[in-house]
Amino acid sequence: TSAEENPVHQYNDYGVYTVTLAITTESGCSSDISFDVEVFDMGMYCQALFVPEIDEENPLLVHFNDLSIGNVTGWDWDFGDGETSNEQNPDHLYTEHDVYLVTLVIQTGDTCTSAFYCEIDLVNGQVVVSPGQTTGIVDHQAETPEITLYPNPVNNVLNINTGSTSDVEVQIINLAGQVMIKTTGRTVDVSSLPKGIYFARIFASGQSVTKKFIK
């Protein structure tokens, strides 16, 4: 703990830590906030990033240029119109002038996953990019393959198999890095979530494992 206003703290090991700040004013008002801090090896860091470029001759053809950071081993593209790709720098031909939410999820082996998304406006025959947040979700416990999610894709209930009977805490995180659901147990009701790509962060037996799933 610390009573400093702006402390610096060095952790002894990598992992996810819940940090709480409690303040009190001279008038007696008090407030506190808690959030999770993930401490990870920068050598295992990754960050998804891409730039879309419209074709000069075809206003519905978009070239996607991957600018991701890290030793990327896999690319999962969702073009927002029901089509996907696993290429690093794909070209995609849309059929209608519309606004599309494009998502790129990258992986570096089993150690790091990151997502980046943006909206592409093809209504006026040009690409207007509004970048979304980048969420780097690092999994340093990926060597525990017994933790699985099913079904994937999921409709209403997501099941978690940890290979043990110990209690688990689950966080469902969207591509903007927001925690949409926080619960305990091996079944998670995701019926209220809109269609899309999500991450399930599972805390079990002192370990943190992050898995991607689609709804």
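Biologist: Which element gives the largest share of the lining of the largest pocket?
Modeller: Strand E1 does, with five residues. Strands here are DSSP runs of E, at least two residues long, and helices are runs of H or I, at least four, numbered from the N terminus. This is a predicted model, where local features need pLDDT of at least 70, side-chain atom pairs need 80 or more, and totals for chains, interfaces and linings use all residues. Residues count from 1 along each chain as its sequence is written, and side-chain values use heavy atoms, without hydrogens or water.

Biologist: How much space lies in that largest pocket?
Modeller: About 640 Å³. A pocket is found on a 1 Å grid over the protein atoms alone, as an open set of points where a 1.4 Å probe fits, with protein on both sides within 12 Å along at least five of seven lines; lining residues have an atom within 4 Å of a point. Points are joined across faces, edges and corners, and the volume is the space filled by probe spheres set on them.

Biologist: Which residues are closest to its centre?
Modeller: Thr 1, Ser 2, Pro 7, Val 19 and Thr 20, out of 17 lining residues. Strand E1 (15-24) and strand E2 (30-39) are the elements that give two or more residues to the lining.

Biologist: What is the lining like by class?
Modeller: Ten nonpolar, five polar and two charged residues. Nonpolar covers Ala, Val, Leu, Ile, Met, Phe, Trp, Tyr, Cys and Pro; charged covers Asp, Glu, Lys and Arg; the others, Gly among them, are polar.

Biologist: New topic. How many salt bridges does the count come to?
Modeller: One. The rule wants a side-chain nitrogen of Lys or Arg within 4 Å of a carboxyl oxygen of Asp or Glu. Lys 182 and Glu 169 meet at 3.8 Å, N to O. Lys 182 is in strand E15 (residues 179-184) and Glu 169 in strand E14 (residues 168-173), 13 residues apart.

Biologist: Is Lys 182 buried or exposed?
Modeller: Exposed, because its relative accessibility is 56%. Glu 169 is at 29%, so it counts as partly exposed. Buried is under 20% relative accessible area, exposed is over 50%, and partly exposed is in between, using a 1.4 Å probe and protein chains only.

Biologist: On to the sheets. What is the strand order in the one with E12?
Modeller: E12-E13-E16, an open sheet with antiparallel pairing. Two strands pair if DSSP finds at least two bridges between them.

Biologist: How do E13 and E16 pair?
Modeller: Over three bridges, antiparallel; E13 spans residues 157-161. Val 157 stands opposite Asp 189 in E16.

Biologist: And the open sheet with E3, what is its order?
Modeller: E3-E4-E7, three strands with antiparallel pairing. Strand E4 (residues 61-66) and E7 are joined by three bridges. His 63 has Asp 91 in E7 as its bridge partner.

Biologist: What about E5, how many bridges join it to E8?
Modeller: Five, between strand E5 (residues 74-78) and strand E8 (residues 99-108), running antiparallel. Asp 76 stands opposite Val 105 in E8. E5 also pairs with strand E6 (residues 84-85), over two bridges in the antiparallel sense.

Biologist: Which residue takes a positive phi in the hairpin of E5 and E6?
Modeller: Gly 80, near 85°, and the hairpin has five residues between the strands. Asp 78 has Thr 84 in E6 as its bridge partner.
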